[in-house]
Amino acid sequence: MQHKYLKQVASLDYHPEKCVGCGICVQVCPHAVFVLNEGKADLVDLDKCMECGACELNCAFAAIKLKSGVG
Amino acid sequence: MSNCIVEENKRMSLNSQLTWQDRLGSLRVYLGILRDNYQVQAGLYSLGNPSEDAPVLVTANYKLTVDVLRAALQGRNLWILVLDTKGVNVWCAAGKGTFSTQAVIQAIEENNLQEVLTSRLIILPQLAATGVAAHAVQQATGFKTIFGPVKAADLSEFLDRGNHKTAEESKITFTLSERFLVSLADLKNTLRDMLVVFGLMFCLNMLKQDIFQTRDAGAYFLAIITGSIITPLLLPYIPVAAFSLKGWFLGVVLMLGYLKLLGMDLSALFLAYLLIFPAISAYYALNYTGSSTYTSLSGVEKETRLAIPWLILSLVCGIVIFVLVKGVG
């Protein structure tokens, strides 16, 4: 059974123009919010984002911004 | 210090066999006895018989974490770098700043990894990613720094695949048993609340006899268990998203069952019960967002802002009716 939380509240802000397609966000996200697609990260499931901040911290190109809570 | 650690030639080593003492210790921690200070000494450990070019796995110094890790790596030859996270697990330590970029860099330097080892590969637990920027560690130390799977149990296959993880291995779960175990972690605080309220009920009964009866205490107990344990267990099956609504909904259902069991007729007191106790269940369910593995802070803030005024209103109305009924009766 899948867990679902409130929709359209996550503060994740993604700037695809800064993405170089390294894929680290895909590797660190515990809820598969991003997938890698043709050399770029695609934000596919924003409502699954728990704002843990792992992608923001690990994106060396500052393509992701969010208001993160304590994990 | 536990017997999982053997010191030989000043180099500490870990073995993969959990003893019955380890298992008993884990059980004790789950039950909340001697929960604090269940730590392993920080530092570099060898697991099996690693060569100088074997990879380094980094972990927290919570003994349960180290136990799970070493048990998952039977037959492997690896280095394990244990960080001093003050006995806190990887995810919480990463959130609270003890499992950080700086802590990893410092541990690599303090343990002289650049000189002791010829390998240049650091594998971090994925859940450390909220505290550690892999690219920054790599830049500062020259070690290639990658994230492994969420669960230690998937490490062996990860290593066999040449340090590659599947999409599934990156996902955090929140299974029935996981939901139950973390609900127990908060139980100590919940029981303390309960004792205070029972004490208060007892004192008020001294002032005026029979304000509270056993059924009131029973309803309160049921409301708390509903919010803090039953709602977490049934979490994905209650068809609303907000935790407070999940708790309130289940609180209403179970309270109706309880009142039916008591044979209470529809009355002002019946209404008071329905206003007071589901609101309490909702509060404890809302509290459980802090233990879940999928709620966002923005979501919890929104839910709290919307729910708390209604819960207070419901509680106050219920108490006023209860007092009026008891005063007149």
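The reply below treats that part in detail.

Modeller: This is a predicted model, in which local features need pLDDT of at least 70, side-chain atom pairs count only at pLDDT 80 or more, and totals for chains, interfaces and linings use all residues. Residues are numbered from 1 along each chain as its sequence is written, while chains are lettered from A and ligands numbered from 1 in the order in which they are written.

Two packed helices are described by the angle between their axes and the distance between the axes. Helices here are DSSP runs of H or I with at least four residues, strands are runs of E with at least two, and both are numbered from the N terminus. Axes are lines fitted to C-alpha atoms, for helices over the stretch in contact, and angles run from 0 to 180 degrees between N-to-C directions.

In chain B, helix α11 (residues 243-262) packs against helix α12 (residues 268-287) at an angle of about 140 degrees, and their axes are 7 Å apart. α11(B) and α12(B) are therefore oblique to each other; angles under 35 degrees count as roughly parallel, over 145 as roughly antiparallel, 65 to 115 as roughly perpendicular and the rest as oblique. The crossing of α11(B) past α12(B) is right-handed, a term for the near helix being turned clockwise from the far one by less than a right angle, with anticlockwise giving left-handed.

Contact between two residues requires that their C-beta atoms, placed from the backbone, lie within 7 Å. On the α11(B) side the contacting residues include Phe243(B), Trp248(B), Leu250(B), Met255(B) and Leu259(B), and on the α12(B) side they include Phe270(B), Tyr273(B), Phe277(B), Pro278(B) and Tyr284(B). The residues of this contact of α11(B) with α12(B) comprise 16 nonpolar, four polar and one charged. In this classification Ala, Val, Leu, Ile, Met, Phe, Trp, Tyr, Cys and Pro are nonpolar, Asp, Glu, Lys and Arg are charged, and the others, Gly among them, are polar.

A second pair in chain B is formed by helix α4 (residues 101-110) and helix α6 (residues 134-141), whose axes come within 9 Å and cross at roughly 30 degrees. That angle makes α4(B) roughly parallel to α6(B), and the crossing of α4(B) and α6(B) is right-handed. Thr101(B), Val104(B), Ile105(B) and Ile108(B) of α4(B) meet Ala136(B), Val137(B), Ala140(B) and Thr141(B) of α6(B).
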